[in-house]
Amino acid sequence: MLDKIFHLQLFAEDSAAEEAGVTAPDAGERQDFESLIRGPYKADFEARVQKILEGRLRGLKRENQTLRDAVDERQRTAKAAFAALERGADEVRAVYPAFDWQREVEGGEFARLIAAGVSPRTAYEVVHREEILRAAMAYAAHQTAQHTARSAAAGARRAAENGRRSAAVSRSDPRHLTSGELADIRRRVMDGEKIRF
């Protein structure tokens, strides 16, 4: 029963195709694609391929021009940034005497920051932040040590000024001082005390 239904459907489709003027090609009438594009449709095929290639070529030319424009703009920006760097190098060197912009540019990160529009001083500080921090800490420690030493010396002088120790020598002729008194005077002078005879 199913076979009969299937055959009836095929017959109906063939009849509809014949009425529309479409007939299925015989095996002898079939031509493969290659023979069609080399034969009767050669000019049409070549025209279509040429149109596709021209469209793609136009698109590539636009993309290439866009890329060239972007590269040119980046180069102009970089040149302007490095010209400003050359002019501002003295300003950076006033704060950081070891600054050498040619050497910094070779490092890469500094050059990228300058090309991105970062100021030379900021770029230098970003690249050398750890060194700058270590130097600042060493400077602060040195300043603290000096301040502490000065405070201790001032405290010792104040004790003498307050009467704990006499600033004046009791003998008017230094030739008659004992070696202990001379050693004491030398130590007091080294501490910054003024001695009068």
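Is Tyr124 buried or exposed? Tyr124 counts as buried, at 7% relative accessibility. The views below come from a predicted model.

**View 1. Tyr96 pairs with Tyr124.** The two rings form a tilted aromatic pair. Their centres are 5.0 Å apart, with 40 degrees between the planes. Tyr96 sits in the loop between α3 (42–95) and α4 (101–107), and Tyr124 sits in helix α6 (residues 120–127), so the pair ties together parts 28 residues apart in sequence. Tyr96 is buried, with a relative accessible area of 16%.

**View 2. Phe99 also pairs with Tyr124.** Here the ring centres lie 5.4 Å apart and the planes meet at 85 degrees, so the pair is edge-to-face. Phe99 belongs to the loop between α3 and α4, while Tyr124 belongs to helix α6. The pair links distant parts of the chain, 25 residues apart. Both Phe99 and Tyr124 are buried.

**View 3. One aromatic cluster takes in Tyr124.** Its members are Tyr96, Phe99, Phe110 and Tyr124. The structure holds four aromatic pairs.

**View 4. Helix α3 from end to end.** The helix has 54 residues. At 1.5 Å a residue, α3 should span 80 Å. Its end C-alpha atoms are 76 Å apart, which agrees. A kink of about 50 degrees is centred on Gly88.

Notes
Residues numbered from 1 in each chain as written. Predicted model: local features only at pLDDT ≥ 70, side-chain atom pairs only at ≥ 80, totals over all residues. Heavy atoms only, no water. Phe/Tyr/Trp six-rings, centres within 6.5 Å; stacked < 30°, edge-to-face > 60°. Helix = DSSP H or I, 4+ residues; strand = E, 2+ residues; numbered from the N terminus. Buried < 20%, exposed > 50% of the residue type's maximum accessible area, 1.4 Å probe, protein only. Expected span 1.5 Å × (residues − 1). Bend = angle between axes of the 7 residues up to and from the residue.
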